[in-house]
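Welcome! Take a moment to look over the sequence and the 3D structure, and then let us walk through them together.

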Amino acid sequence: AIEIISSGAVSGNADTHLPALAQQDATATALVMLRADSQGKAVLARVAQYLSTKSRELDSRVLSALATRVASDPFVKVKKMLKDLIVRLMEEANE
């Protein structure tokens, strides 16, 4: 793979093809960023609390499970994988 990437056949093509793939508008907001907003976290916490209260009132396991899932951070695994990747890359760079 390194041999192919460093060959003259593909060298310099990044300037041609990558700008079309990059995000052009610096003010655009990703959906992930909207979800991470502090107001969004507060709303999710209120929803989780409401679902938890109703699950106890109705003795509903389904609502309880839903409340737990709403309250949890869906990106925990992704964040951990990224941190591990960064550590590994820094270790390789120091070698």
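Glu57 counts as exposed because its relative accessible area is 53%; exposed means over 50%, buried means under 20%, and partly exposed is in between, with a 1.4 Å probe and protein chains only. This residue has its place in helix H4. The side chain of Glu57 is joined to that of Lys54 by a polar contact of 3.2 Å. A polar contact is a pair of N or O atoms within 3.5 Å; within protein, one must be able to donate a hydrogen and the other to accept it, and residues adjacent in sequence count only if both atoms are side-chain atoms.

A word on what you are viewing: this is a predicted model, where local features need pLDDT of at least 70 and side-chain atom pairs count only at pLDDT 80 or more, while totals for chains, interfaces and linings use all residues. Residues are numbered from 1 along each chain as its sequence is written, and side-chain values use heavy atoms, leaving out hydrogens and water.

Now find Ser55, which lies in helix H4, residues 38-58. Is Ser55 buried or exposed? Ser55 counts as buried because its relative accessibility is 7%. A polar atom of its side chain lies 2.7 Å from the backbone oxygen of Ser52. Beyond neighbours within four places in sequence, Ser55 is in contact (heavy atoms within 4.5 Å) with Ser60, Leu63 and Ser64.

Finally, step back to the whole chain. It has 6 helices and 0 strands, both taken as DSSP runs numbered from the N terminus (helices: H or I, at least four residues; strands: E, at least two). Of its 95 residues, 5% count as buried.
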